[in-house]
Amino acid sequence: MNIEEKVGRLMMIGIPGTTVDKETVQLVRDCYVGGVIYFQRNVESPAQVKELSERLQQVNRGSSPLLIAIDQEGGMVARIRDGVTQIPGQMAIGATGDPAAARTLAQISGKELAALGINVNFAPCADVNSNPANPVIGVRSFGSVPSTVASFVREAVAGFQESGVSATIKHFPGHGDTSVDSHLALPKLDHDLDRLKEVELAPFRAAASEADLVMSAHIKFNALDPDYPATLSKPIISRLLRDEIGFEGVAITDCMEMDAISKTYGTADAAVKAIQAGIDIVLVSHTTSLQRETHRKLVAAVKNGHLSLARVEEALGRIERLKAKHGTGKRNENRIEILVEKHRETVDGIRKRTISSLTDTWTPLSADEKVHVVFCRPHRQSYADEQTDESNLIAEQLRARGFDVSSTSVESNPSKEEVVHVLSQIDGGSTVVFCSYLPGNNENQRLLAKELSKHYSDMVGVSLRSPYDAEELPFIRRYITGFESTKGAMTALCEVLSGKEEPTGRVPITQ
């Protein structure tokens with residue numbers, strides 16, 4: 001294997017579409033890439049994804065199969081949304097109080113991914129969400145208590161890997177206390193080493209001996225390395241992750257095109273620095289020219305001595321050991337439709353246990369009362385999310401359960417004119433169900449809720465994402481959440497609103 005081939009195996013790339021076109025074939029072969037990541041742009045249907053995976057393995061000229069990866073965390077971060085089982089997100093799972101549920105759901109998701117030819121999942125998040133203002137983690141975390149997060153992470157890792165899909169604990173050494181999204185800028189944390197060990201690092205330590213991969217965070221931790229973010233830091237990757245924690249699997253970067261890296265260091269130059277620091281795979285997800293430039297600069301760095309061949313071969317050895325776990329990359333004969341049908345009852349049962357009350361008391365709607373649903377439409381909170389369903393499923397579901405329902409949908413930050421309009425639309429005898437979506441970020445949403453509370457003191461709150469919504473709207477005395485605006489969560493929320501189920505979940509964050 002020549003240098004071009006060796007460094008190519010240290011790259012994972014994104015491809016543009018739903019098929020393997022000539023440009024993709026050429027890129028995979030010219031750069032000898034070791035893996036491909038799927039995004040929603042690569043997905044039309046499960047059958048198409050399976051065919052894409054098989055075609056990519058066919059065009060791969062390597063002696064071992066491609067790593068084919070995806071971010072299928074569940075909840076708000078799921079690249080395949082139709083035709084597969086949608087499992088709850090991590091904070092929703094954390095609300096069950098049952099780590100075994102994380103294992104069961106990971107097994108379910110993993111089996112379906114494996115049936116589509118996907119052998120790596122960039123999940124679970126091992127981040128401890130200790131910052132209510134975190135714009136990118138939030139409900140992607142199992143909670144705010146390190147020991148609790150650790151127990152759920154361990155079980156999720158086991159579940160994915162028992163299903164034949166390699167798990168990835170991310171974002172090392174911890175993205176849970178940032179107030180900046182690394183897709184947009186370079187976050188920095190000033191916590192001392194004792195705090196990092198007690199909080200951020202605890203889940204990674206707990207799962208490091210079992211997880212096949214760790215993904216690095218594009219965050220600067222001044223106590224660990226004042227000069228470079230974790231992805232480019234030898235003290236963090238080689239010394240902390242490898243020597244101190246003892247992680248022996250594959251270390252992969254978060255996408256090197258994220259602004260935290262690309263606008264600060266440059267994608268291709270940073271890729272060289274990452275491998276020097278101890279990273280095994282650099283992820284370049286979107287731009288063909290940057291993917292080719294990254295390959296060229298890695299090759300040049302080896303040839304001019306800036307990147308040692310020994311370091312490349314060390315990384316390659318770890319990658320090849322991981323690939324060996326996945327055999328030849330041949331066709332998986334499991335039928336996705338059969339798996340989805342088999343998994344439905346189990347997932348529905350667990351999802352019922354995720355619905356949580358955000359207030360001390362809870363009483364459901366009465367069957368004979370008129371209801372007006374005010375629905376603040378969800379949106380992408382960060383680039384990690386996919387676009388969510390903006391339709392008012394709460395109103396539809398309550399109507400289907402026999403309630404007399406009227407409804408109004410507004411943007412998550414409505415104009416003041418819309419606020420006035422909503423107030424004029426509601427029958428004075430109705431009970432208002434206010435579906436909030438991140439009111440802490442949306443001043444006029446808070447204004448709307450406050451004005452409604454003046455006229456409808458028994459207003460019911462339904463958080464479509466963050467459990468912190470209740471702190472922003474403390475005048476709502478009955479408030480529940482499903483931690484996400486997915487169809488499954490909204491269906492389960494309506495079971496509780498209608499009194500068929502109780503909100504037995506317990507929010508896994510400390511106030």
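A salt bridge here is a side-chain nitrogen of Lys or Arg within 4 Å of a carboxyl oxygen of Asp or Glu. The legends below describe close-up views of a predicted model.

**View 1. K170 and D71 form a salt bridge.** Their closest N and O atoms are 3.0 Å apart. The pair links distant parts of the chain, 99 residues apart. K170 sits in strand β7, and D71 in the loop between β3 (67–70) and β4 (72–74). Both K170 and D71 are buried.

**View 2. D427 meets K370 in a salt bridge.** The N to O distance is 2.6 Å. D427 lies in the loop between α16 (416–425) and β16 (431–436), while K370 belongs to strand β14 (residues 370–376). The two are 57 residues apart. D427 is partly exposed, at 38% relative accessible area. K370 is partly exposed too, at 34%.

View 3. K454 is exposed, with a relative accessible area of 56%.

**View 4. Shared partners build a salt-bridge network.** D71, E73, R79, R140 and K170 are joined into one network. The structure holds 32 salt bridges.

**View 5. The second largest pocket has a volume of about 490 Å³.** Of its 31 lining residues, F39, R79, H183, H286 and Y383 are the closest to the centre. Strands β7 (166–172) and β11 (250–255) each give two or more residues to the lining. By class, the lining has 12 nonpolar, 7 polar and 12 charged residues.

Methods
Residues numbered from 1 in each chain as written. Predicted model: local features only at pLDDT ≥ 70, side-chain atom pairs only at ≥ 80, totals over all residues. Heavy atoms only, no water. 1 Å grid on protein atoms, 1.4 Å probe; cavity = no way out; pocket = protein on both sides within 12 Å on 5 of 7 lines; lining within 4 Å. Points joined across faces, edges and corners; volume = space filled by probe spheres on them. Helix = DSSP H or I, 4+ residues; strand = E, 2+ residues; numbered from the N terminus. Nonpolar A, V, L, I, M, F, W, Y, C, P; charged D, E, K, R; others polar. Buried < 20%, exposed > 50% of the residue type's maximum accessible area, 1.4 Å probe, protein only.
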